[in-house]
Amino acid sequence: MGKSSKDKRDAYYRLAKEEGWRARSAYKLLQLDEEFGLFEGVTRVVDLCAAPGSWSQVLSRVLVKGEKFSRAGWEEKQKETKQYVLGHAFQEDLAGTKEGGNLKSQEEERKTRESVRIVSIDLQPMSPLEGVTTLRADITHPSTIPLLLKALDPDTFDPKVTSACHPVDLVISDGAPDVTGLHDLDIYVQSQLLWAALNLALCVLKPGGKFVAKIFRGKDVDLLFAQLKIMFCTVRVAKPRSSRASSVEAFVVCVGFHPPHRFSASLDNPLGARAQLPSDEQTANEKTKPSRKVRDDGAIELDLDSDEEDEHDVEEGRGRWIAPFLACGDLSAYDSDATYHLPKDRISLDPVQPPTAPPYKRALEMRKLAGGAYGKTKGQECQGPT
Ligand SMILES: C[S@@+](CC[C@H](N)C(=O)[O-])C[C@H]1O[C@@H](n2cnc3c(N)ncnc32)[C@H](O)[C@@H]1O
């Protein structure tokens, strides 16, 4: 498929080039933010599986540069237009309003923006972005955690400590393996990436923090939701409008990180590999062991746990639990599965930042050597790869 044809078939691919995003995925994060207010009060973020970097670009433009998109962007533009038309009268008008009161906080906003820390990780190299520290590493490997902790706090990093001294507000992961087309295998490999992302997030998230990650909706995905529900107050599954309806892709949006009592995150002993959460036996012992209190009159009071807590546990996700599903991005947004007619004289743009060393680079080189997708044309010698 040529660039121009892809422009017609994929509105978000075209829009990304027009609006300067490195990949169409930027719209997925923007639409998720529009729905869930992901960036509210956020100054420290980790972006996992970040190359070519459109999500990091969103973080940089919103958190570091203070740009506004979607509804907030529209409101900002309205304000600017009003200011332009009304001039001085606008300032006077504004002074008496709530918005006017907010003017004083612009200085605070600037200070907050200066304190923003964003660390992005990918197997592939990533071109630099303002305010973003990039690491080339494998998120499934335990050696990545000290690298990440050092990048987050270069001045206070202690190699003996396995969790962040200044934890982060948000961890996002758009991780995807090179798909093989074998659905079960792809879903399995993707779930391993998600698992690695979650384990990394557990080491760096602060209580109340948020975790957003790409999932492939497979057969047993509800089990995953139940597991996430143990760690977060709210777990939702969202499908942004820019994510094709035909794809199994969706995103888990987990808010309110609250690890279970006595849980300590570590990549040497990741969740899932060995028992990390208090075992059922331990929990049962704790529950059946009544607390004793000797009253003034000499009587002994035993405090027995009620069964209510068990029911609560099931509700809270120790059993199977289905996460609420939300389609986000309103109907005014482009439909990612539709083909749009474009003007005849329209010039197709080049991608903003093609991946510097994608895994398919070698395959493309080999195909070029062999004369393109359909081999050498008549009269040309076919040179296969050696
Ligand atoms: C869909 S792309 C991410 C797009 C990115 N969010 C953006 O907006 O530009 C998936 C990325 O996952 C990365 N990835 C896959 N396995 C990884 C791993 N084990 N460690 C780090 N990155 C990985 C790939 O290199 C690829 O760049």
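1. Helices here are DSSP runs of H or I with at least four residues, and strands are runs of E with at least two; both are numbered from the N terminus. With that convention, α4 is followed by Gly66, whose phi is positive, near 75°. Helix α4 covers residues 54–64, and eleven of its eleven residues are buried, where buried means under 20% relative accessible area, exposed means over 50%, and partly exposed lies in between (1.4 Å probe, protein chains only). The buried residues of α4 include Ser54, Trp55, Arg61 and Val64.

2. Basis of the values. This is a predicted model, in which local features need pLDDT of at least 70 and side-chain atom pairs count only at pLDDT 80 or more, while totals for chains, interfaces and linings use all residues. Residues are numbered from 1 along each chain as its sequence is written, and side-chain values use heavy atoms, with hydrogens and water left out.

3. Overall content. The protein chain holds 14 helices and ten strands. Of its 386 residues, 38% are buried. Taking contacts (heavy atoms within 4.5 Å) with a separation of 6 or more, 68% join residues 24 or more positions apart. The accessible surface of the chain is about 22,700 Å², and carbon and sulfur atoms own 53% of that. Accessible areas come from the Shrake-Rupley method with a 1.4 Å probe, and for residues only the protein chains shown count as cover.

4. A polar side-chain atom of Ser54 is 2.5 Å from a ligand oxygen atom. A polar backbone atom of Ala51 sits 3.1 Å from an oxygen atom of the ligand, and for a polar backbone atom of Ala50 the distance to a ligand oxygen atom is 3.5 Å. The ligand taken alone exposes 600 Å², of which the protein buries 85%.

5. Arg14 counts as buried because its relative accessibility is 7%, whereas Glu18 is partly exposed because its relative accessible area is 40%. Another salt bridge links Arg110 and Glu114 at 2.6 Å, N to O. Both residues lie in helix α8 (residues 105–114), again four residues apart and about one turn of the helix. Arg110 is partly exposed at 33% relative accessibility, and Glu114 is exposed at 59%.

6. A salt bridge between strands. The side chains of Lys214 and Glu249 meet at 3.1 Å, N to O. Lys214 belongs to strand β5 (residues 205–216) and Glu249 to strand β7 (residues 249–257), so the pair ties together parts that are 35 residues apart in sequence. Both Lys214 and Glu249 are buried. They take part in a network of salt bridges that links Lys28, Asp174, Lys214 and Glu249.

7. Two loop residues. Ser242 is in the loop between β6 (232–240) and β7. Ser242 is buried, as its relative accessible area is 0%. Not counting residues up to four places away in sequence, Ser242 touches Tyr12, Arg24, Tyr27, Lys28, Gln31 and Ser336. Gln353 is in the loop between β10 (325–328) and α14 (361–369). With the same exclusion of residues up to four places away, Gln353 touches Arg22, Pro52 and Ser127. The C-alpha atoms of Gln353 and Trp21 are separated by 8.1 Å, although the two residues are 332 residues apart along the chain.

8. Surface patch. Leu182, Leu185, Tyr188 and Val189 form a nonpolar patch on the surface, with about 380 Å² of accessible area together. Patches are made of residues with over 30% relative accessible area and no salt bridge; like charges are joined within 9 Å and nonpolar side chains (Val, Leu, Ile, Met, Phe, Trp, Tyr) within 5 Å. Leu182 is in the loop between β4 (168–173) and α10 (183–204), and Leu182 is exposed, with a relative accessible area of 54%.

Methods
A salt bridge is a side-chain nitrogen of Lys or Arg within 4 Å of a carboxyl oxygen of Asp or Glu. A polar contact is a pair of N or O atoms within 3.5 Å; within protein, one must be able to donate a hydrogen and the other to accept it, and residues adjacent in sequence count only if both atoms are side-chain atoms.
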